[in-house]
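Here is a short briefing on pockets and helix packing. Take a look at the model first, and then we can go through it together.

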Amino acid sequence: MAGTRLCGGSAVTADAAEALEVITGASRFEASAEKSTIAHAAQELSGGSGGAGTVDGDVCRIYTPVGTPEVELRITWLRSDGTPAGDPAPKFTVLPMGERALTSTDGAVIRFACRSAELTGSAPAHVDIGVERGGMPTEPEGDPDELKDAYATVAHSFSLAMARELGCENDGGLEPRPSLDPAPR
């Protein structure tokens with residue numbers, strides 16, 4: 001599974017490819033729209049308002065192949081002015097990645113700080129990469145801990161790819177591999 005390409009040809013890590021199989025039950029996926037790439041999302045993010053406020057968009061959507069049980073995952077980005085505030089909802093497990101990483105049995109989000117010449121506005125930019133199941137909410141199937149790790153792994157892979165595409169100093173503080181042990185509260 002190494003070198004699995006999704007979202008308009010963007011490569012995900014081997015760990016993320018395995019995690020996608022845990023989440024969806026599939027090892028192959030439908031092609032994404034041509035503009036659904038990390039590069040295109042980074043271009044939108046870096047060209048954001050440059051001023052105060054929040055800007056967001058989609059990186060891509062991942063679909064299981066036609067003829068298999070339908071699963072849609074949404075990969076999204078959000079750029080905001082501030083650092084995370086407040087306690088997360090009880091369904092989330094906090095992980096020690098970036099500025100803040102949250103995972104649950106149906107999604108994950110990683111926020112990292114990015115200092116880069118590619119970005120307009122105040123520095124650092126705070127970027128969230130989210131992974132969530134699309135469509136009507138359903139009860140997640142599978143081992144809850146395995147699902148949480150899988151969502152966090154996919155979010156880490158896309159976060160690291162985004163940090164590198166944006167040219168963030170020190171990869172936005174993200175390590176090469178996800179840290180899946182819960183952070184002390």
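How do the residues of the lining of the largest pocket divide into nonpolar, polar and charged? There are nine nonpolar, six polar and five charged residues in that lining (Ala, Val, Leu, Ile, Met, Phe, Trp, Tyr, Cys and Pro count as nonpolar, Asp, Glu, Lys and Arg as charged, and the others, Gly among them, as polar). Please keep in mind that this is a predicted model, where local features need pLDDT of at least 70, side-chain atom pairs count only at pLDDT 80 or more, and totals for chains, interfaces and linings use all residues. Residues are numbered from 1 along each chain as its sequence is written, and side-chain values use heavy atoms, with hydrogens and water left out.

**Largest pocket**

- The largest pocket has a volume of about 340 Å³ (a pocket is an open set of points on a 1 Å grid over the protein atoms alone, where a 1.4 Å probe fits, with protein on both sides within 12 Å along at least five of seven lines; lining residues have an atom within 4 Å of a point; the volume is the space filled by probe spheres set on the points).
- Its lining holds 20 residues, and D106, G107, V131, E132 and R133 are the closest to the centre.
- Two or more lining residues come from each of β4 (72-80), β7 (107-114) and β8 (125-133) (strands are DSSP runs of E, at least two residues, and helices runs of H or I, at least four, numbered from the N terminus).
- The most comes from β8, with five residues.

**Second largest pocket**

- This pocket holds about 170 Å³ of space.
- Among its 14 lining residues, I23, R133, E139, P140 and E141 lie nearest the centre.
- Helices α1 (14-24) and α3 (144-166) each give two or more residues to the lining, and α1 gives the most, with four.

**Helix packing**

- The axes of α1 and α3 come within 8 Å and cross at roughly 135° (axes are lines fitted to C-alpha atoms over the stretch in contact, and angles run from 0 to 180 degrees between N-to-C directions).
- That makes α1 oblique to α3 (under 35 degrees is roughly parallel, over 145 roughly antiparallel, 65 to 115 roughly perpendicular, and the rest oblique).
- In α1, D15, A16, A19, L20, V22 and I23 meet E146, L147, A150, Y151, T153, V154 and S157 of α3 (contact means heavy atoms within 4.5 Å).
- Helix α2 (residues 38-46) packs on α3 at about 60°, with the axes 9 Å apart, and the two are therefore oblique to each other.
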